[in-house]
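Reader: Could you take me through this structure, please? I shall ask as we go.

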Amino acid sequence: MFHTSSQKDHWIFTSPDEIQEQREGVNKKFCESHIAKCKKKEPYSYFLKESEERILLRYYEHLLRDFCRKLRPPMPVPVIGTSCTYFKRFFMNNSVMDFHPKHIMLTCVYLACKIEEFNISISQFCDNITKDKEGAAENILNHELLVLQELTFHLTIHNPYRPLEGFLIDIKTRYPSLKEPEKLRRGAEDFLHRSMASDAVLLFTPSQIALAAVLNSASKQKMNIDKYVTETLLGAEKSFLKDIITTIKKIKQLVTQSPPVNFDEIKKLERKLGNCLNEENNPDSEIYRRRLQEQLDAEDDDGMTSHQEKPNEDASMN
């Protein structure tokens, strides 16, 4: 149940301002801790601004959804929602300058496949990647524990797709005066898909987003379901009507005002990110590969030590 979930307790923010404040704090923390990299340059001409991070993240969210839609075997829709939510949560606590979104994106999708019980092996998954499938698999598995930790192991995601199905069934059952309610589905699903490009999942409950999707679709189809909301859905609880209307308006505004991707701007920001990216967390860097090899060597040494100690333990028992 959503109302007793970690999603409600830890990942629903009170306002867009709270989200903005946290993102600005993440950006500032990275810049301050890596200020020596600037040398004599102006920090914000060297580092990405928070607004620039958001532009890059919107682009990679777009790539994430596109990858999910094209994945073979076909991916169930809830997996897409879970993938997007993981990605958004990860970068609520981390800067793109610390972890490149292209590595975190694929890890979030693969992790979502596991959690949503979409059975696909890492080799099948990486068959959908055009370049360096082996390297992609290695990066995904190397980042998996990191993503789990940054999500604080809150892995169950309540997506708006299930309440959407509930609303459609309820309309068919309890509001028979509406002819062909199934016509609402396509527009509502499209709205939910576009909502993943916004911060709606960080601000509103799944049922609120789903209801906004149904009402938006009804408006476009010129199908009036006002009485369904005021009489069938609310019943005697009409005191909530004003709050519901306000919430639905906020969700619609948030979803419909999501800015398009500017690919020329993305190219410039990618170049800027390449200069200020934390090389210690960049799988393409020499320092990252060296550190990873040192960790593997240390694990091998520990394994050899424990293996050599075991006969001595056995000998002491005889």
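Reader: Where is Gln253 placed?
Author: Gln253 sits in helix H14, residues 241–256. Helices here are DSSP runs of H or I with at least four residues, and strands are runs of E with at least two, numbered from the N terminus. This is a predicted model, in which local features need pLDDT of at least 70, side-chain atom pairs count only at pLDDT 80 or more, and totals for chains, interfaces and linings use all residues. Residues are numbered from 1 along each chain as its sequence is written, and side-chain values use heavy atoms, with hydrogens and water left out.

Reader: Is Gln253 buried, exposed or partly exposed?
Author: Gln253 is partly exposed, because its relative accessible area is 45%. Buried means under 20%, exposed over 50%, and partly exposed in between, with a 1.4 Å probe and protein chains only.

Reader: How far apart are the C-alpha atoms of Gln253 and Ser123?
Author: They are separated by 40 Å, and the two residues are 130 residues apart along the chain.

Reader: Turning to H6, how many of its residues are buried?
Author: In H6, 12 of the 15 residues are buried, so the helix is largely enclosed by the rest of the structure. Among them are Pro101, His103, Leu106 and Tyr110. The buried residues pack against H4, H5, helix H7 (122–126), H8 and helix H15 (263–276).

Reader: What span should H6 have, and what is found?
Author: At 1.5 Å a residue, its 15 residues should span 21 Å, and the end C-alpha atoms are 21 Å apart, which agrees. The expected span is 1.5 Å times one less than the number of residues. Just after H6, Glu117 takes a positive phi of about 60°.

Reader: Which residues lie nearest the centre of the largest pocket?
Author: Leu106, Ile129, Lys131, Asp132 and Ala136 do, out of 25 lining residues. The elements giving two or more residues to this lining are helix H4 (50–70), helix H6 (101–115), helix H8 (133–150) and helix H16 (286–317). H8 provides the largest share, six residues. By class, the lining has 11 nonpolar, six polar and eight charged residues.

Reader: How much space lies in that largest pocket?
Author: About 700 Å³. On a 1 Å grid over the protein atoms alone, a pocket is an open set of points with protein on both sides within 12 Å along at least five of seven lines, whereas a cavity is a set where a 1.4 Å probe fits but cannot get out; lining residues have an atom within 4 Å of a point.

Reader: And what lines the largest cavity?
Author: Its lining consists of Arg23, Val26, Asn27, Glu50, Glu53, Arg54, Leu57, Phe91 and Asn94. H4 gives the most, with four residues, and the cavity holds about 60 Å³ of space.

Reader: What does Ser95 touch?
Author: Leaving out residues up to four places away in sequence, Ser95 touches Val26, Phe30 and Glu53, where contact means heavy atoms within 4.5 Å. Ser95 lies in the loop between helix H5 (77–90) and H6, and it is buried, with a relative accessible area of 2%.

Reader: Finally, how many aromatic pairs are there?
Author: The count comes to 10. Rings of Phe, Tyr and Trp (its six-membered ring) pair if their centres lie within 6.5 Å; planes under 30 degrees apart count as stacked, over 60 as edge-to-face and the rest as tilted. The rings of Tyr46 and Phe47 have centres 5.0 Å apart and planes at 80°, so that pair is edge-to-face. One aromatic cluster is formed by Phe87, Phe90, Phe91 and Phe99.

Note on methods
Points joined across faces, edges and corners; volume = space filled by probe spheres on them. Nonpolar A, V, L, I, M, F, W, Y, C, P; charged D, E, K, R; others polar.
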